[in-house]
Amino acid sequence: MANIESNIGRIIETIAEAALRSGRNPSDVRLIAVTKQVDDGRIIEALQAGITIIGENYVQEAQRKFNALGNRELEWHFIGHLQRNKAKYAARFIDMIHSVDRIEVAKEIDRRAGVEGRTMKVLIEVNISGEESKSGAGVNDVMNLVRDSSLLCNLSIEGLMTMPPWFSDPEDSRPYFRALRELRDRIDEEEIPGVSMKELSMGMSDDYAVAVEEGATIVRIGRAIFGERS
Ligand SMILES: *Cc1c(COP(=O)(O)O)cnc(C)c1O
């Protein structure tokens with residue numbers, strides 16, 4: 001398997017090229033290294049190659065890694081489905097939760113963040129394709145979810161996240177990325193107090209260049225950095 005450092009270098013270059021192609025500033029796109037199932041040694045290699053944001057799908061796995069690696073200048077992003085009973089652990093050390101898709105989850109994160117004396121940055125996860133198997137709020141429910149969540153004082157709503165269906169040709173993902181950006185713009189126009197729509201978390205190993213062209217500000221990449229998961 002190719003080495004982690006050169007993988008990261010190539011990804012950063014690809015992000016920059018995609019940003020420039022679409023008239024954007026490469027520094028407006030942040031790279032999250034998705035470290036599910038990746039051992040600490042390989043994560044440390046990624047950190048040495050310049051990674052500053054870690055993305056995890058499971059709270060317990062994230063917490064263990066945070067304890068092992070956390071005394072570094074790192075941001076920890078939670079990108080998986082958050083069970084309500086895990087919100088209290090996430091509230092202690094996670095910097096941003098990408099997967100708020102129901103008001104019940106938003107309320108629980110708000111309550112737990114309050115207990116910890118923290119403000120939690122959150123993104124609203126959108127099921128942009130409408131596939132039944134996908135998590136995320138339905139496109140027609142997002143506006144109300146943003147409005148309701150905006151009233152929770154320990155949450156800072158910062159934008160939207162999505163996972164389009166998987167395609168072998170990344171160009172097929174483009175309409176979904178574009179739809180998320182357009183939804184973001186519509187919400188932004190509402191000027192809901194306390195809501196920022198600056199972040200668009202979209203794009204993974206196979207399609208991040210297209211996502212950046214369509215406005216991604218955060219890409220979440222695992223396999224292209226660390227190789228295939230077992
Ligand atoms: C695993 C995962 C990723 C990274 O996927 P790769 O295909 O390994 O790049 C991104 N986002 C979410 C929500 C994930 O679960």
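Select helix H3, residues 59-69, and turn to the face away from its buried side, where Gln60 and Asn67 are exposed (over 50% relative accessible area, against under 20% for buried and in between for partly exposed, with a 1.4 Å probe and protein chains only). Helices here are DSSP runs of H or I with at least four residues, strands are E runs of at least two, and both are numbered from the N terminus. This is a predicted model, in which local features need pLDDT of at least 70 and side-chain atom pairs count only at pLDDT 80 or more, while totals for chains, interfaces and linings use all residues. Residues are numbered from 1 along each chain as its sequence is written, and side-chain values use heavy atoms, leaving out hydrogens and water.

Next, select arginine 147 and glutamate 190, whose side chains meet in a salt bridge at 2.7 Å, N to O (a side-chain nitrogen of Lys or Arg within 4 Å of a carboxyl oxygen of Asp or Glu). Arginine 147 lies in helix H6 and glutamate 190 in the loop between helix H7 and strand S8, so the pair ties together parts 43 residues apart in sequence.

Finally, select arginine 111 and glutamate 108 in helix H5, which form a salt bridge with closest N and O atoms 3.3 Å apart. Arginine 111 is partly exposed at 44% relative accessibility, whereas glutamate 108 is buried at 13%.
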